[in-house]
Amino acid sequence: MAHDSHDHAPAPDTNAQAAFETFIATVVGALVRGVRPPELFALADTLVPEVAAAMPPLAAQPIPTQQAAARMLARDIAARTPLPERRFAQRPLPEPGRNEPCDCGSGRKYKQCCQSAPRTRALEGVNLLPWVLDALPRGRWRELAGSAIDPLAVAHAAATWREAGRLREAEALLEPWFSAGAALTVEHEPLFDLLLDVWLDLGHPRKRKRLIEHALAHGDRGLRSAAHQRLATIAADADDLDTAWRHFRAAQREAPDAPALAHLEVILLLSQGDEARARERARFWAARLQRMDADGLADLIGLMQQIAREGEAAMARLPGESDTLLALAHLLDHAPAPALRHRVSGPAADAVVLVPDRALAGALADWTHSFPSSSPMLTGLSVDDDHPAWDEPQPWLDLLRAQPELWHSFTVIDDLLLALASIHRVGLEPLRQALAGRGEALLRLHAEAAPGREIPWAFHDNRPALRILAQAIAAAPEPPDAAALARMEWMLALNPHDNHGYRSALAAAWLRDGEPARALALIERYPHDSSLGYAHALALLALGREPEARAALADALAALPLLGPALAAARLRKPAMRDGWIQHGGADHAWLHRQALRPAWARYEGALGWLGEKIRPE
């Protein structure tokens with residue numbers, strides 16, 4: 001399993017990197033288990049092939065030299081590994097005296113053995129904490145909070161996992177640092193920012209709100225400033241500049257010298273169109289940051305100086321990804337109004353296949369050659385984090401500029417949304433929402449042109465359009481808000497087969513909102529869906545049809561026996577969950593079903609008691 005190593009990778013090729021990481025993982029795992037030096041060095045001897053592969057110059061050396069290098073690298077790893085039994089402090093192995101027996105167990109004097117081993121700089125800049133965490137049960141990760149570990153090492157590990165899509169693990173690593181009663185200081189700011197970003201990725205707005213409130217209530221001045229800065233950014237993304245400025249001023253009062261205030265203030269000024277003031281403040285901040293004489297400010301100072309010289313034009317020339325995103329947003333802002341550019345005929349009287357007209361199909365052929373598309377499998381809504389579209393964006397940006405009719409294509413909007421989903425950055429939500437909004441407007445135009453007809457997922461040409469709508473639903477908070485429920489209902493009208501399982505969420509929401517007849521009508525459209533069985537029983541019970549409710553409950557218990565007891569239990573321990581996987585009818589399914597449906601059962605007086613009585617063995 002790969003872990004970032006900053007600037008000093010042991011070798012440039014992937015085979016060498018893999019060998020190096022195998023060595024580290026094996027040695028760190030042994031240290032976590034508490035091996036003694038002789039056992040550690042014996043282990044290093046068995047890993048000589050990995051060391052030779054990781055450091056190609058060693059391959060030509062004799063075996064004793066390779067063995068000495070392996071032992072020295074193991075000693076270096078031991079010196080840098082945060083040890084759980086020492087509250088994650090490091091403990092270098094004590095070095096024997098020159099004439100003392102070598103601690104590797106060879107029987108020779110240290111000066112004749114490991115002291116003469118070639119030294120390596122391979123571990124410079126490498127954070128060994130991720131390997132320690134891989135060797136520990138997840139339940140012990142909470143021991144890091146308040147330990148001797150450097151919070152920056154934790155932040156680096158969490159950021160690495162987030163970039164790799166290991167969001168649940170990043171969450172489990174970061175969350176204990178903000179438990180009730182924990183002392184929160186500005187040193188926690190990197191962890192605070194990362195946890196907010198992880199919860200943004202996971203779609204947990206309530207958790208983000210609670211964390212910010214917790215930081216404001218219990219953090220020191222530096223962390224309270226960071227919390228207000230985040231609130232300012234959230235408000236600015238929602239175009240609420242008055243609120244953004246209020247939080248900026250609060251952040252400034254808490255920590256007037258926080259360097260991040262420079263970027264935030266200038267961005268807010270540019271957002272409200274006050275370029276002259278933005279340039280003036282950028283000039284002020286550049287001088288102030290230089291006087292701070294702190295490490296890590298060179299890039300920020302350079303950006304302030306550039307904005308002072310060029311104003312908003314400087315933002316359009318930010319390197320790499322930022323440049324591409326700004327260009328994309330500009331092109332979208334100037335896109336033609338949505339128009340009907342797909343034929344709405346189909347193979348059946350009640351179904352539509354969205355096929356682009358001839359001119360749009362020609363433009364799409366060019367798009368296919370310019371944009372490295374990466375579509376999800378089956379009903380998926382996302383692709384790998386490392387999306388190839390950002391490697392060479394200029395060809396497809398130029399094509400969008402030259403052929404603006406491409407903005408009428410569901411495929412183009414779907415491709416761009418999938419690519420954007422691979423970028424984890426605060427502030428992208430307005431661009432995502434604008435793209436999704438255009439896609440929904442196009443879909444509504446085409447649906448209105450074929451009233452009463454379906455646009456089924458079964459036809460591949462329809463999937464980009466439907467996936468745009470599904471992504472908007474997936475981005476909604478939990479439980480789904482009114483807008484998300486309306487989109488789900490619309491999706492079922494377009495695609496009654498319901499490939500994404502929205503019927504369960506809709507039935508639960510309508511039952512929770514006191515609309516059992518509406519829920520029952522939906523449930524009865526899917527008589528073979530066993531996951532709706534308990535909702536079916538509740539809808540019938542709420543409508544006063546108790547004998548039918550008993551029969552529906554019996555069917556539900558026969559099909560999915562774990563779900564009923566999970567619903568009825570006053571308390572339920574959360575089972576082990578695997579990201580992206582649910583065992584149908586298993587404990588994880590029962591837990592998720594309870595989370596979704598129990599509020600609906602609790603709404604109707606006596607319903608949970610009735611459920612408990614009926615599932616209790618006689």
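A crossing of two helices is left-handed if the near helix is turned anticlockwise from the far one by less than a right angle, and right-handed if it is turned clockwise. In this predicted model, helix α10 passes helix α12 in a left-handed crossing. The protein chain contains 29 helices and four strands.

**The chain as a whole**

- The C-alpha trace of the protein chain spans about 90 × 75 × 55 Å along its principal axes.
- Of the 618 residues in the protein chain, 47% are buried.
- When contacts between residues at least 6 apart in sequence are considered, 64% of them join residues at least 24 apart.

**Helices α10 and α12**

- Two packed helices are described by the angle between their axes and the distance between the axes.
- The axes of helix α10 (residues 221–237) and helix α12 (residues 260–271) cross at roughly 20 degrees and come within 11 Å.
- Angles under 35 degrees count as roughly parallel, and α10 and α12 are therefore roughly parallel to each other.
- On the α10 side, the contact is made by Gln229, Ala232, Thr233 and Ala236, and on the α12 side by Ala260, Leu261, Leu264 and Leu268.
- This contact of α10 with α12 has six nonpolar, two polar and no charged residues.

**Helices α24 and α25**

- Helix α24 (residues 516–523) packs with helix α25 (residues 533–542) at an angle of about 140 degrees, and their axes are 9 Å apart.
- The two helices α24 and α25 are therefore oblique to each other.
- The crossing in which α24 passes α25 is left-handed.
- Helix α24 contributes Pro516, Leu520 and Ile523 to the contact, while α25 contributes Ala535, His536, Ala539, Leu540 and Ala542.
- By class, the residues of the contact of α24 with α25 are seven nonpolar, one polar and no charged.

**Helices α26 and α29**

- Helix α26 (residues 546–559) and helix α29 (residues 607–615) have axes 11 Å apart and pack at an angle of about 55 degrees.
- As a result of this angle, α26 and α29 are oblique to each other.
- Helix α26 passes α29 in a right-handed crossing.
- The residues in contact are Glu546, Ala549, Arg550, Leu553 and Leu557 of α26, together with Trp610, Leu611, Lys614 and Ile615 of α29.
- Six nonpolar, no polar and three charged residues form the contact of α26 with α29.

**Aromatic pairs**

- The structure holds nine aromatic pairs.
- Tryptophan 245 and phenylalanine 248 are both buried.
- Tryptophan 390 and tryptophan 396 also form an edge-to-face aromatic pair, with 5.9 Å from centre to centre and 70 degrees between the planes.
- Tryptophan 390 has a relative accessible area of 17% and is buried, and tryptophan 396, with a relative accessible area of 0%, is buried as well.
- Trp367, Phe371, Trp390 and Trp396 are linked into a cluster by ring pairs.

**Tryptophan 199**

- Tryptophan 199 is located in helix α8 (residues 189–202).
- With a relative accessibility of 5%, tryptophan 199 counts as buried.
- Tryptophan 199 and glutamate 171 are 28 residues apart along the chain, and their C-alpha atoms are separated by 7.7 Å.
- Leaving aside residues up to four places away in sequence, tryptophan 199 touches Glu171, Glu175, His204, Lys207, Arg208 and Leu211.

**Loop residues with positive phi**

- Arginine 87 is not a glycine, yet it has a positive phi of about 60 degrees.
- Arginine 87 is placed in the loop between β1 (82–83) and β2 (89–90).
- The relative accessible area of arginine 87 is 47%, so this residue is partly exposed.
- Aspartate 498, a residue other than glycine, has a positive phi near 60 degrees.
- The loop between α22 (482–494) and α23 (502–512) holds aspartate 498.
- Buried means under 20% relative accessible area, and aspartate 498, at 6%, is therefore buried.

Note on methods. Residues are numbered from 1 along each chain as its sequence is written. This is a predicted model: local features need pLDDT of at least 70, side-chain atom pairs count only at pLDDT 80 or more; totals for chains, interfaces and linings use all residues. Side-chain values use heavy atoms; hydrogens and water are left out. Axes are lines fitted to C-alpha atoms, for helices over the stretch in contact, and angles run from 0 to 180 degrees between N-to-C directions. Angles under 35 degrees count as roughly parallel, over 145 as roughly antiparallel, 65 to 115 as roughly perpendicular and the rest as oblique. Contact means heavy atoms within 4.5 Å. Ala, Val, Leu, Ile, Met, Phe, Trp, Tyr, Cys and Pro count as nonpolar, Asp, Glu, Lys and Arg as charged, and the others, Gly among them, as polar. Rings of Phe, Tyr and Trp (its six-membered ring) pair if their centres lie within 6.5 Å; planes under 30 degrees apart count as stacked, over 60 as edge-to-face and the rest as tilted. Buried means under 20% relative accessible area, exposed over 50%, partly exposed in between (1.4 Å probe, protein chains only).
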